[in-house]
Amino acid sequence: MNTDLLRPTSITRRDFVKISGAALAILGLSQALKPRVVKALETSAGKTAVIWLEGQDCAGCTESFLNSLEPSAASILLDTISLRYHETAMAASGYQAEQALEDTINEGGYLLVIEGSIPMAEDGLYCTIGGKPFKDIVKECARNAAAIVPVGACATYGGIPRSGPTQAVGYLYDGTRKHGYFDDVTGNKPVINLPTCPLHPERLVAVIVHYLTFSSIPPLDNFNRPIAFYGKLQHDNCERRGHFDAGRFMADWGDSSQKDWCLYLKGCRGPWAHQDCWSRLWNGRTNYCIRANAPCVACSEPEFYEAFSPLYKRQFDVNFPGVGRISIDKIMATVAGVAAAGVGGSIILDKVIERKEAKESKKEDK
Ligand code: SF4
């Protein structure tokens with residue numbers, strides 16, 4: 001039975017060459033590998049099965065992926081892989097959809113993409129699909145998977161739902177950085193975490209192409225994130241970093257002279273965020289949070305969202321679950337590597353706050 005849920009379209013060799021070039025660039029690999037990637041894509045076209053599950057989620061990662069432009073999600077989903085099950089994108093429903101899922105699990109060797117967290121409270125009853133708790137569905141699908149790819153902050157580390165009443169978990173339980181639920185169900189299978197809220201489509205495309213070409217996964221960091229995308233710190237590569245070092249912090253959104261200044265006082269968590277949004281950009285390489293004047297919320301990190309909450313609020317101490325509160329000065333010196341400038345920066349920071357507080361108290365006196 002052909003269980004493809006999305007009808008294949010025709011793809012030319014030129015399209016494969018285009019996808020290959022883009023994927024190599026995304027992964028930071030040499031374009032000299034292009035012939036190998038093209039061959040792998042041509043050979044595997046429509047053969048690599050993918051199951052995409054959605055648990056406690058908002059479907060934002062799906063939206064993000066379906067809206068990708070270069071290479072387009074359509075060219076990946078329709079022509080390169082065989083998407084067997086995806087609740088939002090598939091046309092099938094009910095028995096037909098469940099049958100496709102069961103057949104694919106029995107065949108084995110598929111990529112399992114997981115979107116959304118896994119609620120554990122009340123034995124998983126906060127999220128059931130076809131009468132089954134999501135936690136059991138994950139376990140069942142992980143059984144015969146070749147590799148597991150949790151996408152988005154929720155599936156990787158629990159994300160925003162982890163702060164709610166459903167005891168939601170991701171690949172890692174919580175900010176203590178201990179391995180969590182997936183460890184019980186994945187055994188020794190490779191797990192490639194692609195956090196951020198939502199998923200960046202290029203990162204998933206590149207992982208799929210890498211897998212199809214080399215039958216392996218790209219090098220990962222301690223939190224199972226591909227180093228190619230999560231190996232660098234936002235703060236070290238930020239276009240506003242010069243303002244941070246010079247002590248120019250945006251304090252008033254309404255003051256146009258401050259419009260490009262560092263967003264640290266507005267709650268920026270860039271000093272904690274390992275990602276490449278600053279170079280990859282979003283929405284077809286149009287823009288990203290900091291360039292659009294929104295502080296980075298570090299959605300690439302296991303501590304998101306709990307330890308960084310409330311977002312958009314300056315934090316001087318950060319509460320790391322299981323570790324306790326750590327002073328911002330210590331973190332800035334360690335994480336941001338501003339040992340020398342950090343001392344000055346901290347004094348400047350105090351002065352800015354002092355001035356701002358004096359201004360606010362003056363306003364109150366009036
Ligand atoms: Fe950029 Fe945020 Fe660092 Fe400021 S604190 S330099 S806005 S990453």
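Modeller: The term pLDDT denotes the predictor's confidence in each residue, from 0 to 100. This is a predicted model, in which local features need pLDDT of at least 70 and side-chain atom pairs count only at pLDDT 80 or more, while totals for chains, interfaces and linings use all residues. Residues are numbered from 1 along each chain as its sequence is written, and side-chain values use heavy atoms, with hydrogens and water left out.

Colleague: What is the average pLDDT of the chain?

Modeller: The average is 78, and 71% of the residues score at least 70. Over residues 1–9, however, the pLDDT is below 50.

Colleague: Which residues have the most contacts inside the largest nonpolar core?

Modeller: They are Trp52, Val149, Val151, Leu194, Leu199, Leu204 and Phe229, within a core of 29 residues. The name applies because such a core is a set of buried (under 20% relative accessible area, 1.4 Å probe, protein chains only) Ala, Val, Leu, Ile, Met, Phe, Trp, Tyr and Cys residues joined through side-chain atoms within 4.5 Å. Helix H9, a DSSP run of H or I with at least four residues, gives the largest share, eight residues.

Colleague: Which residues is Val149 in contact with, leaving aside its neighbours within four places in sequence?

Modeller: Contact requires heavy atoms within 4.5 Å. Val149 has such contact with Leu112, Val113, Ile114, Ile192, Leu194 and Leu204.

Note on methods. Buried means under 20% relative accessible area, exposed over 50%, partly exposed in between (1.4 Å probe, protein chains only). Helices (H or I, at least four residues) and strands (E, at least two) are DSSP runs, numbered from the N terminus.
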